[in-house]
Amino acid sequence: MNIKTFADLDLDKSIQKALLAENYQTPTPIQAQAIPHLLQGRDVIGSAQTGTGKTAAFALPILHQLATKPRRAQTGTPRVLVLSPTRELALQIAESFKTYGQFVHYRQAVIYGGVSQHSQVRSLDRGVHVVVATPGRLIDLLDQGHVQLDQLEAFVLDEADRMLDMGFLPALKRIIRELPEERQSLFFSATLSPKIMELTKQLLNDPVTVSVDPPSSSVDMIDQRVAFVEHGGKRELLKNLLEAPDVERAVVFTKTKRSANTVAEKLLRQGIRATAIHGNKSQNARQRALDEFRRSRVKVLVATDVAARGLDVDGITHVVNFDLPLEPENYVHRIGRTGRAGAEGMAVSFCSAGERRELRAIERLIGRRLLMVNGEPQPENGPTSKDDRSGNRQGNPKSKPRRNRWQSSGPSKNNSAGNSAGKRKRRRVKSNNGERQNVKPKG
Ligand code: AMP
């Protein structure tokens, strides 16, 4: 079936009305591929990352089912369970359900840890159709008898790869044991590793697999650059990059919670509105930080991978990898925060001498070499210590005035680009401070 518009999908009127209100005109590829199968009651494996419209891909057919086959909400006995690895993502999924289901009569509850269970139990007791939950708190409430899953009609596992990365497999198995045999199962994951495929065998019945290729859809819209910089020069370089006029809203990724805090504090001291979000903060503090970012009260969100999972804020113009991720897949997740819904975005990865291996792993995954911040290719044999120093120099506030965008945050011809591939002859170039120096490309 060739799906071009939402009208082709024959969704209930109440849902069509919500889509119109949201000004959604055409289904995204994952929606066009998955929704027809889901409406037929098939199990679906969706290989898609955040930013592709995957939430609506499962929420719309589920809401259609609730709208066309209404039933009274029962205490603690949902018809639909959506499992999410993080609280942020759970809240976002619940928000999406509310948006798409604004004209459908149904009830939902969001269940996650780190806060009192009191209001969650109350909303379950009032009767629910849809429960969006993180695994830990759901198990607590299952054990306490506040929720039963035996009437479940649809089970959605979102971001399954992340779920396994976070060590939720035992929790998942426990929850799966509670599910009724007869149900529709929907399984979404950015990657389909052998471990993931093993899990799908336990969960799904004769599934259809639909996939949207992450690198070619959203990620290709993103201008991806690398800045070679010594570790100690990263903060200064960051400040310079973030001060570029076209940086409207940026997410900066760090490896550790501690460094997320220190980077955010340093930026604040330098007069850049920034806030940190990571797992050590209370749920309320994380939500507050996100709200401030969403409402543009702060321009820069400094985050760890786990905390930023599922972060869905429109208009993020830039992503900076202050530290490179250890797992290359996280690179794709990280940069996917920008370039959403067809918008252009820019991602800059800082790479110190100790992070070359991570950079290569990322480049293998995305299938190409990143350009340097000045738009030139990396030196054929990898950056030399000179490139690092030049990256560092980019962070020097006394460096030449900016030219444009990110490349502007440092001099171009006379830094790392001077060593660019193909120019093998010893040449004389002008260094940053105006002195002439010899540059001898390696190799
Ligand atoms: P998701 O991948 O579910 O996180 O969705 C990414 C973003 O795309 C969200 O901000 C959605 O509101 C938006 N979106 C999803 N589907 C569509 C659509 N068909 N048309 C326009 N925007 C959409």
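Two strands are taken to pair if DSSP finds at least two bridges between them; helices (H or I, at least four residues) and strands (E, at least two) are DSSP runs, numbered from the N terminus. The structure is a predicted model, in which local features need pLDDT of at least 70 and side-chain atom pairs count only at pLDDT 80 or more, whereas totals for chains, interfaces and linings use all residues. Residues are numbered from 1 along each chain as its sequence is written, and side-chain values use heavy atoms, with hydrogens and water left out.

By this criterion, β12 and β13 pair in the parallel sense over 4 bridges, and Asn321 stands opposite Ser349 in β13. On β8, the pairing with β13 is likewise parallel and runs over 7 bridges, with Arg225 opposite Val348 in β13. Strand β13 is mostly covered, 7 of its 7 residues being buried; buried means under 20% relative accessible area, exposed over 50%, and partly exposed in between (1.4 Å probe, protein chains only). In a regular strand the side chains alternate between the two faces of the sheet. In β13, Gly345, Ala347, Ser349 and Cys351 point one way and Met346, Val348 and Phe350 the other way.

These strands belong to an open sheet of 7 strands with parallel pairing, in the order β10-β11-β9-β12-β13-β8-β14. Its edge strands, β10 (274–277) and β14 (371–372), each pair on one side only. Elsewhere in this sheet, 4 bridges link β9 (residues 250–253) with β11 (residues 300–303) in the parallel sense, and Val302 in β11 is the bridge partner of Val252. Helix α12 (residues 283–294) packs on the sheet and touches β9, β10 and β11, where contact means heavy atoms within 4.5 Å. The direction of α12 makes about 140 degrees with that of β10; axes are lines fitted to C-alpha atoms, for helices over the stretch in contact, and angles run from 0 to 180 degrees between N-to-C directions. Helix α14 (residues 328–335) also packs on the sheet, touching β8 (222–228), β9, β12 (318–321) and β13 (345–351), and its direction makes about 155 degrees with that of β12.

Two helix pairs were examined further. Two packed helices are described by the angle between their axes and the distance between the axes. Helices α14 and α15 (residues 356–366) pack at an angle of about 70 degrees, with their axes 8 Å apart. The two are therefore roughly perpendicular to each other, on a scale where angles under 35 degrees count as roughly parallel, over 145 as roughly antiparallel, 65 to 115 as roughly perpendicular and the rest as oblique. Pro328, Glu329, Tyr331 and Val332 of α14 make the contact with Ala361, Ile362, Leu365 and Ile366 of α15. The axes of α10 (residues 234–242) and α11 (residues 257–269) come within 11 Å and cross at roughly 55 degrees, which makes α10 oblique to α11. At this contact, Arg235, Leu238, Lys239 and Leu242 in α10 meet Thr262, Val263, Lys266 and Leu267 in α11.

A further open sheet of 7 strands, also with parallel pairing, has the order β3-β4-β2-β5-β6-β1-β7. Strands β3 and β7 (208–211) stand at its edges, each with a single partner strand, so one side of each is left without a neighbour in the sheet. Neighbouring strands of this sheet are turned by 15 degrees against each other on average, direction ignored. Strand β1 (residues 44–47) is joined to β7 by 4 bridges and runs parallel to it, with Val44 opposite Val208 in β7. Helix α2 (residues 29–39) packs on the sheet, touching β1, β6 (184–189) and β7, and its direction makes about 165 degrees with that of β7. Helix α4 (residues 87–100) packs on the sheet as well, touching β2, β3 and β4.

Strand β4 (residues 130–133) pairs in the parallel sense with β2 (residues 80–83) over 4 bridges, and 4 bridges join β3 (residues 108–111) to β4, again in parallel. Val131 in β4 stands opposite Leu81 and opposite Ala109. From β4, Val130 and Val132 point one way and Val131 and Ala133 the other way, and all are buried.

Leu38 lies in helix α2 and is buried, with a relative accessible area of 5%. Leaving aside neighbours within four places in sequence, Leu38 is in contact with Val44, Ala57, Phe58, Pro61, Gln184 and Leu186.
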